[in-house]
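Please examine the sequence and the model shown below.

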Amino acid sequence: MEVDQIEELLKKIQQLQSIMIAVSTGEEQIQEVEEAYTELYQETDLDIELLHEEGLFISNPNSFTSLWDWYNYWSSNLGNYASRRRYIYNLYVDIINSLERALQDQFVQNISNSSNDILEPKQLEHLLNNIQELQSIMVNVATGFTSIQAEEASYIELYQDISSYIYRLQQLGLQAEHPNHFSSLWYWHGHWKTELGNYASRRQFVGELYNSFVTPIQKALRKHQRMSTSIEQFAEDLRSRFNKQISEQPQVPSTASIESIEQNKNTKTDGLLAGSRQVVEPDYTRHVAAAIPTKPIIDFAIVTAIKTERLAVLNAFEIDVKQDRERKDSRTYWRKRLLLQDGKFYEIVVAQSLDMANVNAAILANDMLHHWKPAAVLMVGIAAAAKPEPKQRIGNLVVGKEVYYYGTSKVTVNGELPEPKYVPVDPTLLDRVQALPSSDFSILVDHPDSNGIRPEIEIGVIASGDKVIADAAERDAIASANRKIMAIEMEGYGVIEAARQSFDQVRCLVIRALCDYADSNKNDQWHAYAASVAAGFTKYFLLDEPLIPRNPPSNGIK
């Protein structure tokens, strides 16, 4: 399949996603767009079928042949707008990843010396005009001048063209990044509605968005026009500017006005404006070039609550406590690559909260989501058994299918009325746990007992509160709420709620190993071993590749 065919299919998929989001969030009536959806669905289904003839064996993940089918599903299963957006994103994420990989392969095959024509000044001026037009659309929809429905198709086409051009620049050795991850206006809408409260802040954000990409091109064009340099000299100057910008890692410049963008889409490229801003949305169409040594994006963020848990994770993943340490704002993180098969890898980041309890874990998880934007968050550590011996054995591992928060209640003159909450973990990650071929994972700490019995893996409900439980009666009272409660801990609810309430509802899983029975004999004897069990299982789980890696294969480059 040719590059333009793959790009066209990606555009159709994004248009389908846009329609599905619009009708499920009240922006469009099904009757108004049903015909367009049906036609687009049939075209996409045929295009996917034709891919088989090209040797790309993928299937259509969308079973909703009609928007009424989609309505019946969302109205019964997806209670809020965020869950509907997340569902639509997950629905197509695997096929989009496959198409992007095929697109990258085609780009690599097509790159030749003749590709330098994309570095010609006229071509780059056209690119800058496209960026300016795209920025105008973003400003217009965010300030009520026009509707998303009216501009979505034009925006997607511009976005795809810009992304493809930037990828070609990367293949020619320019360390250029596409700074805009809003592949649909609906995701731009979700960001400005939650993060940018007024028109001025939205204009400023858009004006700053492309500056880090546009500025080197503008400067190179001005130099070329003033000094009448050759095309080869211009191309080399442009490469040098991009590569220098990456190596120097400049600070964010001051913000300029975006009035020129609103007033005229066809003004000179010098009108594009200052600043740069990292966006937070899931990136459907960003082409990451394996040949360019850019910083990989994070696949999994691992949250721990105490030092014993954090050290166990660092040891399991062979993360050096000094060499792999990174600081962002007030937080310290540890970052490392977990190598998979065929050159694939996960990029991992680990952190420890300032103290135990759900509020501290939630704050840390929120910081990790903001700074690293992982595909999934894992809460990894120790917990108390919910049942006495011999019903449960300490040292065993519990993977939560739900987190039960028992800490909320209403106090009245007649007594306390509990108001517990149940939050499910990510179903895909839970499915991958259940499908593991075995439980033969490494434990780096010796078993506290001489018998050395291997831990069993249990899947059940994890109770989460904000109290250390060292009383059998209290433990039993908590466990009595649900016969499937297997563990009692203090951070899982905070982490899973932070992930669930993030804009794109990041996947989350809670992994706990049992270290005591939450009774009067509670002590720290099993802490190190249980933490090592949880960490060892987590590494074993990730080595089974539960999610598609977000970065291209490393080809041995670390």
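At roughly what angle do the axes of helix 13 (residues 358–372) and helix 16 (residues 492–501) cross? In this predicted model, the two axes cross at roughly 35° and come within 7 Å. The crossing of helix 13 and helix 16 is right-handed.

A second pair is formed by helix 12 (residues 307–316) and helix 17 (residues 527–543), whose axes come within 8 Å and cross at roughly 45°. Helix 12 is therefore oblique to helix 17. The crossing in which helix 12 passes helix 17 is right-handed. Helix 12 contributes Thr308, Glu309, Ala312, Val313 and Ala316 to the contact, while helix 17 contributes His527, Ala528, Ala531, Ser532, Ala535, Gly536 and Lys539. Within the contact of helix 12 with helix 17, six residues are nonpolar, four are polar and two are charged.

Helix 17 may now be considered by itself. Of its 17 residues, 15 are buried, so helix 17 is largely enclosed by the rest of the structure. Just after helix 17, Glu545 adopts a positive phi of about 60°.

Helix 9 (residues 211–227) can be described along the lines used above. Its 17 residues should span 24 Å at 1.5 Å a residue, which agrees with the 24 Å between its end C-alpha atoms. The buried residues of helix 9 are Asn211, Phe213, Val214, Thr215, Pro216, Ile217, Gln218, Ala220, Leu221 and His224. Just after helix 9, Ser228 has a positive phi of about 50°.

These elements belong to a protein chain with 17 helices and twelve strands. Of the 558 residues of the chain, 53% count as buried. How do contacts in the protein chain between residues at least 6 apart in sequence divide by separation, and what percentage join residues at least 24 apart? Among such contacts, 79% join residues at least 24 apart.

How values were computed:
Residues numbered from 1 in each chain as written. Predicted model: local features only at pLDDT ≥ 70, side-chain atom pairs only at ≥ 80, totals over all residues. Heavy atoms only, no water. Axes fitted to C-alpha atoms, helices over the stretch in contact; angles between N-to-C directions. Helix = DSSP H or I, 4+ residues; strand = E, 2+ residues; numbered from the N terminus. Parallel < 35°, antiparallel > 145°, perpendicular 65-115°, else oblique. Left-handed = near helix turned anticlockwise from the far one by under 90°. Contact = heavy atoms within 4.5 Å. Nonpolar A, V, L, I, M, F, W, Y, C, P; charged D, E, K, R; others polar. Buried < 20%, exposed > 50% of the residue type's maximum accessible area, 1.4 Å probe, protein only. Expected span 1.5 Å × (residues − 1).
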